[in-house]
Amino acid sequence: MNYGFIYCLTNRWMPGICKIGFTDRSPSQRCKELSASTSVPEWFNIEFYVETEGAHLVEREIHAAFDAVRVNQGREFFSCQPAEVYHWLMQNADFSTSFLDGDCSFELNKLIDAHIAARQAISKASSEVGDSDMARARNIKPALFKNEILGVADPLLTLLFEGLWLLADREGRLEDRPMRIKAEIFPYREGINIDQMLDWLDANDFIIRYSVDGKHYIQIDNFTKHQNPHKNEPSSEIPSVSDGCVRSEKIGTSSEKIGSAPADSLSTDSLNLIPDPLSAQAQEVGPSTEELFDRFWNLYPRKVGKDKASKSWAKLKVDSGLFAKITTGLAAQVASHDWRKDGGQYIPHPTTWLNGKRWQDEVRLPDNVHHLPTSKHHDFAERDYTAGLIEREDGTHGF
């Protein structure tokens, strides 16, 4: 079996993207060939390469291992970090020689060491506590996809909501740790703010963020009503919402105990997994305009001019229905490229945003999504293709 090289290339104009390939020639020569193309903005940089036996088979295996983050099935580009690729090779391939680029070897090795340490910590924790800290299997009901609030919001909010079910214990409780939640549910996705997304779920009554004795927790609303935890799943060690807790200061509303009806996830009359915002109880006792503004203020990323924003809010006479539209539009714009670029300096002042009813704005597509150009070739039917030609006796034309 022949030896070859597995290489990992990056390009500073394609952040977060790695090209993983195989060559039986010099990796530097292969890098020059790829960089010479006019279709790439700048030369590629070799992050590392390793020499291994049967490199073309190793390439096939590593592509399969990273298939979930492959940018395009017809291309060898993957949304991952070089350390992840290198660590996979350390575990799954035998290589005799390797190269790490001098400019990035220090940072790359730190990432590799951290990756290995994390794996070891997870393995140790799993051996000590069994499956109690691991994600659980949960039920998804058809009504989830018909929920009117989630249905028009950013799809990532639905994914986050579902992911919380897997992390929660048998009572629907989990620790409120946004960084850890992101690592569990969105390990490969960058540029999202889990804390703000949790605030949105809280503001729309899908979860409750609360604290007991200075520690922060999350309660999933109506969890025990719609889930059937395994009989061997351990009891919750997290205090309930009613155990002397205070509601998260980010929301500023009073807490209430979550219902504890028996699990009925298999019954036909319990398909409404999400609390109905139009229920009679919600209509009878709704949050005040001031409470809704506090929720909005905690969700809005640019906190300037609160007094002016409060006055603009009062003029809008926001009720629960309008609040849902405002937060839905806000969630989409918070995740947009325009609001995330350059550290968020282009996010409008909240007063300007409210006065202009900017929650109705359509979110612009990311810069890497291109519309097809308008064709210059048109009006064929109106063209005179006989102009300047001589008509022959048989009806044809020529010069």
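**Helix packing around α7 and α12**

Helices α7 and α12 are roughly antiparallel to each other, a label used for angles over 145 degrees, with under 35 counting as roughly parallel, 65 to 115 as roughly perpendicular and the rest as oblique. This is a predicted model, in which local features need pLDDT of at least 70 and side-chain atom pairs count only at pLDDT 80 or more, while totals for chains, interfaces and linings use all residues. Residues are numbered from 1 along each chain as its sequence is written, and side-chain values use heavy atoms, with hydrogens and water left out.

Confidence next. pLDDT is the predictor's confidence in each residue, from 0 to 100. Its mean for the protein is 76, and 71% of the residues reach 70 or more. Residues 126-133 stay under 50, with three contacts beyond four places in sequence; contact means heavy atoms within 4.5 Å. Residues 249-284 are also below 50, yet that stretch has 73 contacts in the model beyond near neighbours in sequence.

Back to the helices. Helices are DSSP runs of H or I with at least four residues, strands are runs of E with at least two, and both are numbered from the N terminus. Axes are lines fitted to C-alpha atoms, for helices over the stretch in contact, and angles run from 0 to 180 degrees between N-to-C directions.

For α7 (residues 194-203) and α12 (residues 320-334), the angle is about 165° and the axes are 11 Å apart. On the α7 side the contact uses Gln196, Trp200 and Ala203; on the α12 side, Phe323, Thr327, Thr328, Ala331 and Val334. By class that is five nonpolar, three polar and no charged residues. Here Ala, Val, Leu, Ile, Met, Phe, Trp, Tyr, Cys and Pro count as nonpolar, Asp, Glu, Lys and Arg as charged, and the others, Gly among them, as polar.

What does α7 meet in α5? Leu156, Leu157, Leu160, Phe161 and Leu164 of α5 touch Ile194, Met197, Leu198, Trp200 and Leu201 of α7. The contact of α5 with α7 divides into 10 nonpolar, no polar and no charged residues. The axes of α5 (residues 155-167) and α7 come within 10 Å and cross at roughly 85°, which makes α5 roughly perpendicular to α7.

On α12 there is also α10 (residues 289-299): the two axes come within 11 Å and cross at roughly 0°, so α10 is roughly parallel to α12. Leu292, Arg295, Phe296 and Leu299 of α10 meet Ser320, Phe323, Ile326, Thr327 and Leu330 of α12. This contact of α10 with α12 has six nonpolar, two polar and one charged residue.
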